[in-house]
Amino acid sequence: MSAKKKPAPRGYGLSPWSKGFLLAVESPAELRKITKARTYFRDRNVIDLVVRSGRVTGLVQGSQLDPFEVEIEAGPADPATVVSMLRERGKADELVSVTRGKQPDFLGSLVIPADSADIRTECNCPVDDDRCIHVLAVSYELAASIDKDPATLLTIMGADLPLLLAHLRDGASRPDAQPADAPAPSDVDFYGDGRQLPGLPHPPPLDVLSELDTTALSAALRRSGAAAMDVAQAIDELAELYARITR
């Protein structure tokens with residue numbers, strides 16, 4: 001009988017945004033607590049993690065029978081202000097790059113918590129410390145989530161990516177949204193007969209995934225050598241990405 005394979009080691013704080021988040025949570029001086037919290041993280045003692053806009057809850061299985069309840073709240077970033085500042089700096093495309101897993105610098109400077117005062121934490125363990133072992137363990141779990149999906153940080157800080165993209169689209173649709181140095185529309189009569197070009201069409205909104213033949217997609221992915229579970233995960237991630245872009 002072959003030996004049971006050990007789970008792969010887990011990491012966190014591997015990307016700039018997750019490192020920035022942890023700087024506002026942990027104190028390097030508290031090495032003992034950090035070491036214990038890292039063990040909880042590696043052993044997957046953080047369960048039932050729920051990330052909502054501006055608020056995170058989770059359970060941490062500690063030394064007692066019942067898990068401890070942890071809550072983390074962030075000083076919310078105002079989505080309209082974030083989008084406005086991105087526009088002023090010509091960095092609006094950084095929002096779209098987040099959907100591709102990027103962590104752009106300027107957007108990060110707007111949403112990463114500046115210091116520990118931007119993060120409020122609670123735990124029902126008997127330790128009277130707002131940065132107890134259980135809070136740190138949940139923070140490491142969040143940092144790992146940010147490494148995997150940068151949009152998690154936006155949600156933690158109350159500036160969900162779909163909401164930011166909606167503000168971006170709304171601003172682009174306003175008549176006064178063009179930059180001041182944008183060229184004026186040309187009045188050149190290209191045809192020499194005063195002919196006016198027709199307006200752009202306005203097709204009805206379409207849910208692309210509802211028209212997608214997932215059977216054919218699955219077959220194509222399987223032919224490439226992907227496992228059945230990987231194919232199902234790829235289709236789920238495609239649906240999630242499309243929902244974020246279009247919401």
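Which residue in S2 stands opposite valine 51?

**Overview. The protein chain of this predicted model has eleven helices and four strands.** Helices (H or I, at least four residues) and strands (E, at least two) are DSSP runs, numbered from the N terminus. Residues are numbered from 1 along each chain as its sequence is written, and side-chain values use heavy atoms, with hydrogens and water left out. Because the model is predicted, local features need pLDDT of at least 70 and side-chain atom pairs count only at pLDDT 80 or more, while totals for chains, interfaces and linings use all residues. Of the 247 residues in the protein chain, 33% are buried, where buried means under 20% relative accessible area, exposed over 50%, and partly exposed in between (1.4 Å probe, protein chains only). The accessible surface comes to about 15,800 Å², with 55% belonging to carbon and sulfur atoms; such areas come from the Shrake-Rupley method with a 1.4 Å probe, and for residues only the protein chains shown count as cover. Among contacts with a separation of 6 or more, 67% join residues 24 or more positions apart, contact meaning heavy atoms within 4.5 Å.

**View 1. Four strands form an open antiparallel sheet in the order S1-S2-S3-S4.** Two strands pair if DSSP finds at least two bridges between them. Strand S1 (46–52) and strand S4 (119–123) each have a single partner strand, so one side of each is left without a neighbour in the sheet. From one strand to the next, the twist averages 10°, with axes taken as lines fitted to C-alpha atoms (for helices over the stretch in contact) and angles running from 0 to 180 degrees between N-to-C directions.

**View 2. S1 and strand S2 (residues 55–60) meet in a hairpin with two residues between the strands.** Here is the answer to the opening question: valine 51 stands opposite valine 56 in S2. Five bridges join the two strands in the antiparallel sense. Look for glycine 54 in this hairpin, which takes a positive phi near 80°.

**View 3. Strand S3 (residues 68–74) pairs with S2 over six bridges.** Threonine 57 stands opposite glutamate 71 in S3, and glycine 58 stands opposite valine 70. On to S4: S3 pairs with S4 over five bridges, again in the antiparallel sense, and isoleucine 72 has threonine 121 as its bridge partner in S4. Five of the seven residues of S3 are buried, so S3 is largely enclosed by the rest of the structure.

**View 4. Helix H1 (residues 16–23) packs against helix H6 (residues 133–148) at an angle of about 160°, with their axes 8 Å apart.** That makes H1 roughly antiparallel to H6; angles over 145 degrees count as roughly antiparallel, under 35 as roughly parallel, 65 to 115 as roughly perpendicular and the rest as oblique. Trp17, Ser18, Phe21 and Leu22 of H1 make the contact with residues of H6 including Tyr140, Leu142 and Ile146.

**View 5. Arginine 131 sits in the loop between S4 and H6.** Is arginine 131 buried or exposed? With a relative accessible area of 8%, arginine 131 is buried. Beyond its neighbours within four places in sequence, arginine 131 is in contact with residues including Ala24, Glu30, Lys33, Thr121 and Leu136. Isoleucine 34 is 97 residues from arginine 131 in sequence, and the two are 9.8 Å apart in space, C-alpha to C-alpha.
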